[in-house]
Amino acid sequence: MESGIGARIASARKLAGLTQASLARRIGYSKSMVSKVEQGSELPTPEFVGRVAEALGGHADRLEWNRFEWQREDDRLADQLGPVRAALDLLDLPPDSSVAPRPTSVLDADVRDLNLLAQAAQYEPMIALFPPLLAEVHLAAEKASGREREDLWALLALAARCGHSVGIAVGDNDLSVYALSRMDWAAKQAGRHASGLRAAREYLRVTAYLRNRDYDACWRLNRAGVAHLDGAEDTPGALLARGQLHLGASVIAARTGDRDSMAGHLDEAARIAAVTGEQPEQFWFGFGPTNVQVHRTVTLGTIGEHGRAVEAGRDIRFPSVWLPTRIGHHHLDMARAYRWLNKPEHALRELERARLVAPGQARRHPMTRDTVAALVRSSRRQSDALTDYAAWLGLTP
């Protein structure tokens, strides 16, 4: 079976010349916990992995599963990203004016469809649409004036955002960062839309730094997002962006073990969500009361309160318009919590739900692979369903 996070920790520890006992002393956990994680009978929290990474120093890079390389071997999606990079890169050139752009209402519908594909993890058709649509919206924005010009620059920012979505999916952090820089470039020219879009961009930037456990950078970006909203309460999307930044802050606080801050940010997000209601398509965050409840599940699981995480998440009823990748991620979080609670059948059920709603996301997400690998290692008698799921992921004996 391909190694999960536990096996990678064991490998990195041995390279660093540490015993399980000495690593346990360095990170402030018991030797028993280190042993269980390495054997795959326990899944580590982000805090545990972060402490291990700090303790192992130069060997910490071995803890990261290289999703980008696995994806290249799996379905060659990463090999299709050249035109996406080129389309983003060429935005600093004057747009091709040989063809007149279609009406703004048509472009708005197409950018919506592009984001719907991204949020359903349907990346191949999204990639095919991305370059020509980006160029056409850019041309339309340059030609327009007044409020229509602002609207079109906002559309360009939301189109560029899709480059971030696919970059995160395949583990191509450079593409994600570059797409978000183009999102901000367009947002600066979007007039009344600028504040909300720029705050949304800072929220999205946190993703890469969470992955690297650089929590100081995460907090800096969160504060930068809030600063974009100062004095902009009445601009489009500002209130929603503020609420989403509170949700992001709750995750950062959970990762750093600050339970009071976590709870405070969740409460603030809930207050804002009561005003906004469900707004799934504004910045494509899925913000609203449902997303607040989803983040309660995420954060409780992050701080190790897996029983409470399950209680918070098992009765959620998703609105019919909610985004597939948001639903899928929730089921992955639930699967992880059930795994910690030693309820493998419940965990597998949640994994199957994640595969059903957003298969492209479930197959690529590292949480899926680590959870399934742990379930396989800890099961005395592997079910056909678990065997099939592991094979679907490409986890082979």
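Helices here are DSSP runs of H or I, at least four residues, and strands are runs of E, at least two, all numbered from the N terminus. Tyr389 has a relative accessibility of 0%, so it counts as buried, while Trp392, at 21%, is partly exposed. Buried means under 20% relative accessible area, exposed over 50%, and partly exposed in between, with a 1.4 Å probe and protein chains only.

This is a predicted model: local features need pLDDT of at least 70, side-chain atom pairs count only at pLDDT 80 or more, and totals for chains, interfaces and linings use all residues. Residues are numbered from 1 along each chain as its sequence is written, and side-chain values use heavy atoms, with hydrogens and water left out.

Next, the aromatic rings. How many aromatic pairs does a search of the whole structure find? The count is 6. Rings of Phe, Tyr and Trp (its six-membered ring) pair if their centres lie within 6.5 Å; planes under 30 degrees apart are stacked, over 60 edge-to-face, the rest tilted. Tyr29 and Phe48 make an edge-to-face pair, 4.8 Å centre to centre with 70 degrees between the planes. That pair links distant parts of the chain, 19 residues apart: Tyr29 is in the loop between α2 (20-27) and α3 (31-39), and Phe48 is in helix α4, residues 46-56. Tyr29 is partly exposed at 24%, whereas Phe48 is buried at 1%.

The largest nonpolar core has 91 residues, and Met126, Phe130, Leu197 and Val372 have the most contacts inside it. Helix α9, residues 146-170, gives the most to this core, 13 residues. Such a core is a set of buried Ala, Val, Leu, Ile, Met, Phe, Trp, Tyr and Cys residues joined through side-chain atoms within 4.5 Å. Leaving aside neighbours within four places in sequence, Phe130 is in contact (heavy atoms within 4.5 Å) with residues including Val84, Leu88, Leu114 and Ala159. A separate core of 16 residues lies apart, with Ala24, Val34, Val49 and Trp340 among them.

How does α9 sit against helix α11, residues 194-211? The two pack at about 10 degrees, with their axes 11 Å apart. They are therefore roughly parallel to each other. Residues that meet include Ala154, Leu158 and Ile168 in α9, and Leu197 and Leu204 in α11.

One last residue. His295, in helix α15, residues 289-302, is at 10% relative accessibility and so counts as buried. Beyond its neighbours within four places in sequence, His295 contacts Tyr203, Gln244, Leu247, Ser250, Val251 and Leu266.

Definitions and conventions
Axes fitted to C-alpha atoms, helices over the stretch in contact; angles between N-to-C directions. Parallel < 35°, antiparallel > 145°, perpendicular 65-115°, else oblique.
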